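Here is a short report on one chain, written for reading beside the model. Keep the viewer open and follow the residues as they come up.

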Amino acid sequence: MILGCTLAAALALTACSRSDSGSSGSMSTNMGGSSSQTGQAGQNAAYRTGLGILTEASDQERAGKIDTIAAAVLLDAEGRVADVMLDEVEISVTGDSTGTKRQKGDDYPLAAVSSLKKGWAEQADAFGNYLTGKTPDEVKKLATDDDGKPKDADLLSTCTIAVDGYRDAVVRACENAKAVGSARGDRAVLGVSVRNDTKELTADDDHDVTAQVDITVAALTLDADGRVTGAVADVAEPALTVGADGTVSAPEMVKTKVELGDSYGMRGASSLGKEWYEHSEGWCDYLKGKTRTEIAGIPDDGSDADLAALCTISVTELQKAALAAFAEE
């Protein structure tokens, strides 16, 4: 049984409210009227960057599908969403769709059938804008119907697509958010790099075949000069298994490398004695203060001594994801 494994990388949303990211009147930077450097530093220290990745797998006899949704958020000093960007990757066996929903543009037929006559990108951006200024709890409580579509009348006036998965990914990102150097006025960007080494799946009577796709995600915050102020990165490795009879099975749960934590089992084999998530943190620290051009020039062969002191894992896909994030700003 030979099944084609094709990949559709979906959704590259532009970050919301770019012109005034982090400057909402509800933010604590306006509290007390202080303009001292000390006060500003304290406010900036409270800004947090989060990355949320949710993967859902499904199988139907001879077909399988994995949807991975990623969300990058920037939380202000009050813990409200100051900026958000979403992305989604669809992985399927026996599928034949290619390209992102945004890339497809008019070829993606949502606008023609939408009651709003709006394409996917317009509606997804509207959803992102709707979340800006809300607390994580308010995002979590956003009500949807049985089809995942929003119930709020104001949101429905600009967005009628299913948003439950995006909502949950944003909530996860808020839960994971931490202070990594991001500050007031920064904007959040999200980059995804997908490595699909499986071209054809051939299963025989003796062996099943697993189709695995590595999805590397980077959430960056950038200042007005386009330099990285904070970064978070993670990898999901969803897989579909094709049996000799042509049936496809999907995993019940897919955890990211960061979510696996110490159980990922890299520490013993690392020359630095670090687990994968710690190597990732080292890479992200190394990105701070760098521009897109500088990141593009980082050697991925381990020859950079400063980087090697922090991170010795392969950074090829991490680098691609970071550069992809700049492309979406």
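## Contacts of His 279

His 279 touches Met 266, Ser 270, Leu 272, Lys 274, Leu 310, Cys 311, Thr 312 and Ile 313. That list leaves out residues up to four places away in sequence. Contact here means heavy atoms within 4.5 Å. This is a predicted model: local features need pLDDT of at least 70, side-chain atom pairs count only at pLDDT 80 or more, and totals for chains, interfaces and linings use all residues. Residues are numbered from 1 along each chain as its sequence is written, and side-chain values use heavy atoms, with hydrogens and water left out.

Is His 279 buried or exposed? His 279 is buried, because its relative accessible area is 1% and buried means under 20% (exposed is over 50%, partly exposed in between; 1.4 Å probe, protein chains only). A polar atom of the His 279 side chain lies 3.2 Å from the backbone nitrogen of Thr 312.

## Helix H9

His 279 sits in helix H9, residues 276-287. Helices (H or I, at least four residues) and strands (E, at least two) are DSSP runs, numbered from the N terminus. H9 has 12 residues. From first C-alpha to last, H9 reaches 17 Å, close to the 16 Å expected at 1.5 Å a residue. The expected span is 1.5 Å times one less than the number of residues.

The buried residues of H9 are Trp 276, His 279, Ser 280, Gly 282, Trp 283, Cys 284, Tyr 286 and Leu 287. They pack against strands S7 (209-222) and S8 (228-236). They also pack against helices H8 (257-260), H10 (292-296), H11 (305-308) and H12 (316-327). Just after H9, Gly 289 takes a positive phi of about 85°.

## Charges over rings

What sits over the ring of Tyr 286? The charged end of Lys 290 does, 4.0 Å from the ring centre. A charge sits over a ring if NZ of Lys or CZ of Arg is within 6 Å of the ring centre and within 35 degrees of the ring normal. Lys 134 lies over the face of Tyr 130, at 4.0 Å from the ring centre.

## Helix H4

H4 is mostly covered, with 9 of its 12 residues buried. Among them are Trp 120, Asp 125 and Phe 127. Gly 133 follows H4 and has a positive phi, near 95°.

## Strand S4

Glu 88 lies in strand S4, residues 81-93. Glu 88 counts as buried because its relative accessibility is 6%. Its side chain makes a polar contact of 2.8 Å with the side chain of Tyr 166. A polar contact is a pair of N or O atoms within 3.5 Å; within protein, one must be able to donate a hydrogen and the other to accept it, and residues adjacent in sequence count only if both atoms are side-chain atoms.

Ala 82 is also found in S4. Ala 82 is buried, with a relative accessible area of 2%. The C-alpha atoms of Ala 82 and Thr 135 are separated by 9.6 Å. Along the chain, these two residues are 53 apart.

## The whole chain

The chain holds 12 helices and 10 strands. Of its 329 residues, 48% count as buried. Among contacts between residues at least 6 apart in sequence, 69% join residues at least 24 apart.
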